[in-house]
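Okay, everyone, let me put this one up on the screen. I'll walk through the sheet, the cores and the salt bridges.

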Amino acid sequence: MADIDDFDLDRSTAQAWTEFQSRLSEVISLIDDTADLTIWTTSGGNGPPPFVTLSSPRPGMIRCEAASNGVLGADFQLSAEQLSAMEQLGWRPPTAGGEDASMVPSTQPTANLWIELPQTASDHMSELAVSVLRDIYGVQHPVFLAPDQLAEALQPAQAPVEAGASIKVEQLERPDVDPTMPRDQQHLNDLVDAELAEIYGYPPIRDADGDVAIRVGSTMLFLRTSSDGQEVVLFAPVVHDVAGRSRATEVLNDLNVEARWVKFQLIKDRVFVTISVLSRPFVPAHLRQAVRILSDVADGIDNELAAKLNGRTTFSDHDESR
């Protein structure tokens, strides 16, 4: 069985940002005047969402622009504290129509906050970009970013799975139902990665624990395989900081009696919902079905369950900050 008792959401998220920053640094080191990169956030809200754009205005120089209040929608306006934090990191104010442009003659006018560094400082530039996306704009995980032209070089931009969608066998292509017997866990990982790449268009990224993060609409699922290669487990943390284990156990027992395919688990002070996919043989269609089932359940019950257990949902802090 693929045990998830050791799963740590904070650790997994930190690892994902580290991996994203490393890949972004590689991209920055290769950017020239023919290849700009815009990384959009995908948070819901009114008006244009936050973004950062990377370009090379001159040979050997990299410019990063971050969306300012002049271009952000009403739900994404930056506070005075956030703007001050960016200034302390070295970001310069917009130059469009302002005096700052005349002070830096080589700088093109922009309505965004900006910074320029030598291309050799690609690691530092990637740190600045990640800091803005994560700490200022409040993006909780790289899977909620949407890179444009160079998306394949970064964390995969995963298309949301439509809630409530059902799969009918007669609509599946033959490869979706062809079984494959995995030789071991690595072979199963390869089969799973190939299927996820087929679904989303880009190969998934595994963290140091071998987990894959999957964005499904506004929620996030994780996937891991068992060490014996016999099982794929999909899981989602739906409630955090649960108050009262006895009450939580009663509520989850009732849910597990009614649930058809998924299982609810209380691990420390977090509630997970999981679904297991038998993988000997591995059938791609079964993985697709499991993703849809779990995403429907996780997205449909998290708020109600958090209220019952006096806890919080995964993204409640982020939502309240908006």
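Here is what I'd like to point out. This is a predicted model, so to speak of local features we need pLDDT of at least 70, side-chain atom pairs count only at pLDDT 80 or more, and totals for chains, interfaces and linings use all residues. Residues are numbered from 1 along each chain as its sequence is written, and side-chain values use heavy atoms, with hydrogens and water left out.

Let's start with the sheet. It's an open one, five strands in the order 6-7-8-10-9, with antiparallel pairing. Strands here are DSSP E runs of at least two residues, helices are H or I runs of at least four, and both are numbered from the N terminus; two strands pair if DSSP finds at least two bridges between them. Strand 6 (212-216) and strand 9 (263-267) are the edges, each pairing on one side only. Strand 7 (residues 219-225) and strand 8 (residues 231-239) are joined by four bridges, and R224 stands opposite V233 in strand 8.

What lies across strand 7, strand 8 and strand 10? That's helix 1 (residues 9-30), running at about 90° to strand 7. Angles run from 0 to 180 degrees between N-to-C directions, with axes fitted to C-alpha atoms, for helices over the stretch in contact.

Now the cores, meaning sets of buried Ala, Val, Leu, Ile, Met, Phe, Trp, Tyr and Cys residues joined through side-chain atoms within 4.5 Å. Buried is under 20% relative accessible area, exposed is over 50%, partly exposed is in between, with a 1.4 Å probe and protein chains only. The largest nonpolar core has 46 residues, and L24, L54, W91 and Y137 have the most contacts inside it. Helix 4 gives the largest share, seven residues. A second, separate core has 37 residues, including L188, V239, I275 and A290.

On to salt bridges: a side-chain nitrogen of Lys or Arg within 4 Å of a carboxyl oxygen of Asp or Glu. By that rule we get 13.

Back to R224, then. R224 is buried at 7%, while D6 is partly exposed at 47%. R224 also meets D211 in a salt bridge, 2.7 Å from N to O, and D211 is buried at 2%.

Last one: R58, R63, E65 and E116 are linked in a network of salt bridges.

Notes:
Contact means heavy atoms within 4.5 Å.
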